[in-house]
Every structure is written in C-alpha cells, then in structure tokens.
Amino acid sequence: MDKLQQKHTENMQTVDEVRSRALRGEIDELSRETGNAAKAAKDKLDEMAKNTAKLKSSPDSAQANSAIIRIEENQCMHLVLKLTMAMAAYQRQQCATEAYYKAQTQRQIKIKYTNPDGSAIDDSTAAQLAQQVMENNTSSYIFQQSKEVLASIIETRNDIYRIEQSMRDLNQLFNDLAFLVNEQGELMDVILANVQQSTRLRESLI
C-alpha cells in the first residue's frame with residue numbers, strides 16, 4: 001500500500017506527461033495486485049471455513065473434533081480481523097487520495113482558467129466546474145480557454161474513476177467478510193481473546 005501511495009503522490013506532483021502516463025500504468029498494476037491479493041486471502045478464508053464445516057458435518061464428528069474446530073474457527077476469525085483491518089487501512093488511503101485528486105482538479109481550474117470577464121475563479125465556481133468534469137460535462141465556455149488544461153483535468157478525473165472502482169470492489173469484499181463472520185457466529189470484539197485461548201489450547205494438545 002505504501003508503494004501505491006508513493007506512486008499516487010508522484011503522479012499528483014509531476015508535470016511530465018510521459019512520466020504521468022507511466023505512473024498511471026504502474027498505479028493500475030499495483031491496484032490490481034492489491035485487489036487480487038485481497039481476493040486470494042478471502043478465497044483462502046472461505047476454504048478454511050469449509051474445511052471446518054466438514055468437521056461439523058455430524059453431531060458425532062463435531063463432538064470428536066470440538067477442540068480442533070474451536071482452534072480452526074478462532075484462527076479463521078483472527079485472519080478475518082487482520083484482513084479487514086488491512087482493507088480498512090487501504091480504503092482510508094484511497095479515500096484520502098481521491099479527495100486530494102479532487103482538490104487538485106479545483107486548484108487547476110482556479111489557476112489555469114478565468115471567468116468570461118477575465119476575473120479570477122472563486123472556490124465555489126471551481127468546485128462547481130470540477131463537479132461538472134466528474135459528471136463528464138465539459139461544455140462550459142470556461143473549459144474552452146485551454147484544451148490542454150482540460151485534457152489534464154480529464155486525466156485526473158479518470159484517476160478518480162479508477163479509485164472509485166477499486167473502492168466498489170473493496171466494499172464487495174467487506175460484504176463477503178461480514179457474511180463469513182456471521183456464518184462463524186462470532187463477534188469481532190472477542191476475536192483476539194478467542195485466538196489467545198485457542199493458542200493455549202493448541203499448546204496443551206501438543
């Protein structure tokens with residue numbers, strides 16, 4: 001995640017179009033890798049849950065394997081907690097990056113454009129114009145002052161679109177994890193205590 005943030009920061013600061021295109025490619029690749037890693041972790045958790053469920057397939061099996069079941073369930077929930085915390089940190093980072101890109105768009109508009117009468121654009125107008133860009137509406141007369149600046153602003157908008165897509169994917173994973181937690185029948189605020197207990201139990205079985 002740190003590397004991804006570094007690439008975003010460099011992309012925000014660079015004025016070299018060639019470098020910016022290269023950075024966007026690197027950001028896309030890192031975002032895909034992060035998403036794939038989170039999905040792979042979720043798939044592994046699903047597999048762990050299914051294996052534990054097999055041990056509970058009958059009352060006799062559940063009773064005979066009660067210690068193992070408890071250990072595996074606590075291990076699974078501990079990993080769910082770690083993954084959830086990592087995803088939450090990534091989500092906060094993406095939200096902050098998105099906000100920065102939006103603020104950058106408004107700054108570009110204020111610096112590069114003027115009102116039809118030549119006066120400076122105020123914050124409110126800049127925010128409205130930035131929102132128009134987000135809605136794919138660039139018909140305003142102001143944007144016709146510089147096609148080059150508009151192209152740069154649109155690229156920033158596309159950066160925001162990509163972040164929003166990654167956030168939607170992340171929200172789906174959060175929903176999947178919430179379902180997994182519900183299936184396990186555990187509360188997140190007792191996970192760590194259960195993990196500690198399972199560790200002691202595992203040590204007693206060795």
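Guide: Let's start with burial: a residue is called buried under 20% relative accessible area, exposed over 50% and partly exposed in between, using a 1.4 Å probe and protein chains only. By that rule Tyr-113 is buried, with a relative accessible area of 1%, and Phe-143 is buried too, at 0%. The model is a predicted one, so local features need pLDDT of at least 70 and side-chain atom pairs count only at pLDDT 80 or more, while totals for chains, interfaces and linings use all residues. Residues are numbered from 1 along each chain as its sequence is written, and side-chain values use heavy atoms, without hydrogens or water.

Searching the whole structure turns up one aromatic pair. To count as a pair, rings of Phe, Tyr or Trp (its six-membered ring) need centres within 6.5 Å; planes under 30 degrees apart are stacked, over 60 edge-to-face, and the rest tilted.

The pair links distant parts of the chain, 30 residues apart. Tyr-113 belongs to the loop between helix 4 (66-112) and helix 5 (123-134), and Phe-143 to the loop between helix 5 and helix 6 (147-184). Helices here are DSSP runs (H or I, at least four residues), numbered from the N terminus.

One more ring deserves a glance: the charged end of Arg-107 sits over the ring of Tyr-100, 5.2 Å from the centre. That label asks for NZ of Lys or CZ of Arg within 6 Å of the ring centre and within 35 degrees of the ring normal.

Definitions and conventions
Helix = DSSP H or I, 4+ residues; strand = E, 2+ residues; numbered from the N terminus.
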